[in-house]
Amino acid sequence: QFLDRMDKPDVESIEGIPPTIAIDQSRPVRTSRSTVGTMTELHDHFKLLFSKIAVLHCRGCDRIVERDTAQSIFSKISTLEEGTAVVLTFPLASSSIAWDDVRNGLRQAGVYRLLVDRAIRELDELDAAPGGADALQVVVDRFGFRSENRKRISDSLEQAFHYGKGRLDLFLPQNDWRREPFSNQVHCPHCNISYRDPVPNLFSFNSPLGACETCRGFGRVIDIDLDLVIPDPGKSLADGAIKPWLNRARRTRRLLDFCDRKKIPTKKPWGELTDRHRGLVIDGDGEFKGIRGWFRRLERRSYRMHVRVLLARYRAYLICPECQGSRLKDVALNYRIDGKNIARVNAMSIGEAQRFFEQLKPAGALDQVASLILNEIRRRLGYLAGVGLEYLTLDRQSRTLSGGELERVDLTTAIGSSLVNTLYVLDEPSIGLHPRDSRRLVEILQRLRANQNTVIVVEHDPEIIKECDHIIDLGPKAGEQGGQVMFAG
């Protein structure tokens with residue numbers, strides 16, 4: 001759609017120029033969603049890795065949440081001593097069903113016993129639902145655990161899962177009827193909290209599925225900054241500690257009346273008031289709406305210019321109170337790899353992340369799933385460290401990077417993409433580099449060349465110039481006095 005709009009070049013033919021990528025310093029990053037992790041595509045690999053191998057921890061009890069099977073449960077109880085008595089049950093919600101219907105249904109399923117008050121009772125003994133419990137514990141089997149009975153125990157576990165709709169309980173009578181709940185869904189049986197299967201976008205702050213709903217994935221919110229509202233904590237309320245109310249006699253009078261009713265000292269410096277007293281002044285109570293209530297009322301009148309100016313004077317970007325700057329929903333932070341959630345991984349410096357992923361060794365089948373993703377992550381982190389950026393954190397906003405840092409991040413992204421037969425044009429990549437890092441930059445450029453690419457560098461650094469295969473020197477001077485080829489070879 002764009003080719004027809006461009007002027008045709010004033011040449012008959014151009015040959016031998018492969019697809020070209022220009023990496024310069026003048027490309028500003030304006031969006032605050034862009035981070036070092038997203039620019040280098042490391043974040044895309046992180047979210048894929050977390051969706052595949054991260055371990056879910058329950059938000060209620062912090063236990064690991066996993067799908068249980070008859071085989072996995074047998075493995076877990078194989079630590080019991082031989083002959084240990086076990087009662088296998090499944091929970092049945094019965095509060096909305098007539099007792100006679102429940103009893104008849106259980107008989108048809110071939111189940112005749114319930115666990116009631118730590119005792120096994122026959123169905124025929126019970127004339128009504130026991131104790132008005134929300135869930136009945138229906139006995140599927142009771143046995144003395146023996147490892148040679150694996151088939152019989154596994155069949156009973158499968159049956160309990162079937163009738164319990166994916167949930168079952170094991171009771172150990174000799175251990176004070178200790179209950180061990182299990183579930184074959186993504187569900188914590190201890191807290192009765194269900195979770196969804198993870199997908200990559202759950203771990204992305206650029207997706208509505210994963211982004212914190214309060215800050216929309218930015219990590220910060222615009223709110224009233226109390227340090228601007230009360231700039232001098234050494235002042236008392238009577239002396240005008242609340243700056244926007246300094247020349248508002250009516251508002252000050254209402255504040256002092258409120259303080260009198262609530263026994264809040266008005267002559268004491270703001271910094272010496274108790275947390276409770278400060279909270280009452282900030283959030284209000286009853287008719288007095290406090291500082292926040294007053295600003296909320298102003299926001300409803302923000303169609304007026306002077307009100308917008310007043311609000312802007314006391315607003316600031318603050319860390320999101322919901323996600324604490326992680327940008328993600330709570331459920332995404334419940335997934336961990338080696339004890340770290342994705343927010344903690346993103347908060348690492350490139351050097352830390354490189355060490356973390358080098359030492360990460362997923363076990364068993366997870367290693368096969370993760371090996372390709374991990375190799376790519378390690379490779380890209382190696383490139384970033386190779387150009388001297390190991391001090392940058394992965395969640396650092398791209399627009400806060402210097403020109404030299406931005407160019408080197410772009411360079412490692414280009415290498416990480418594994419393109420071949422491409423022409424790269426770099427505009428002074430050594431700017432902002434310490435002389436000791438020039439050697440690293442040369443190695444990166446040589447790696448680009450080794451991938452069957454052509455690299456053109458506009459450069460003045462002798463160390464980089466002397467590593468080139470072909471040099472074109474333009475001169476003899478700069479600007480209008482230049483433009484002649486002084487040397488090519």
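## Ground rules

Because this is a prediction, local features need pLDDT of at least 70 and side-chain atom pairs count only at pLDDT 80 or more, while totals for chains, interfaces and linings use all residues. Residues are numbered from 1 along each chain as its sequence is written, and side-chain values use heavy atoms, with hydrogens and water left out.

## Overall build

The protein chain holds 17 helices and 18 strands (DSSP runs, H or I of at least four residues for helices and E of at least two for strands, numbered from the N terminus). Its radius of gyration is 34 Å, whereas a compact globule of 489 residues would come in near 23 Å (taken over C-alpha atoms, with the globule rule being 2.2 Å times the number of residues to the power 0.38). Along the principal axes, the C-alpha trace spans about 110 × 75 × 50 Å.

Buried residues account for 41% of the 489 (buried is under 20% relative accessible area, exposed is over 50%, partly exposed is in between, with a 1.4 Å probe and protein chains only). The accessible surface is about 27900 Å², and carbon and sulfur atoms own 49% of that (Shrake-Rupley with a 1.4 Å probe; for residues, only the protein chains shown count as cover). Take contacts between residues at least 6 apart in sequence: 67% of them join residues at least 24 apart (a contact is heavy atoms within 4.5 Å).

## Nonpolar cores

The largest nonpolar core has 60 residues, and Leu49, Phe357 and Leu411 touch the most other members (a core is a set of buried Ala, Val, Leu, Ile, Met, Phe, Trp, Tyr and Cys residues joined through side-chain atoms within 4.5 Å). Helix 14 (residues 365-386) is the top contributor to this core, with seven residues. Beyond its neighbours within four places in sequence, Leu49 contacts Ala54, Ile337, Phe357, Ala370, Ile373, Leu374 and Ile377.

There's also a second, separate core of 27 residues, with Ala70, Phe90, Leu123 and Leu157 among them.

In helix 3 (residues 70-77), Ala70, Ile73, Phe74 and Ile77 are the buried residues. Down the helix axis they fall within an arc of 100°, so they line one face (the arc is that of the directions from the helix axis to the C-beta atoms). They pack against helix 5 (150-163), strand 8 (167-172) and strand 9 (178-183).

Helix 10 (residues 305-314) buries Val307, Leu310, Leu311 and Tyr314. These cover an arc of only 95°, which puts them on the same side of the helix. Their cover includes strand 12 (220-224), helix 6 (226-229), helix 9 (290-299) and strand 13 (315-319). Exposed Met305, Ala312 and Arg313 sit on the face turned away from the buried side.

## Two strand residues

Thr89 belongs to strand 4 (residues 85-93) and is buried, at 0% relative accessible area. Its side chain makes a polar contact of 2.5 Å with that of Gln137 (N or O atoms within 3.5 Å; within protein, one must be able to donate a hydrogen and the other to accept it, and residues adjacent in sequence count only if both atoms are side-chain atoms). Not counting residues up to four places away, Thr89 also touches others, including Leu115, Val139, Ala160 and Phe171.

Val55, in strand 2 (residues 55-57), is partly exposed at 30%. Leaving aside neighbours within four places in sequence, Val55 contacts Ile64, Asn334, Tyr335 and Arg336. The C-alpha atoms of Val55 and Lys340 are separated by 9.9 Å, though the two are 285 residues apart along the chain.
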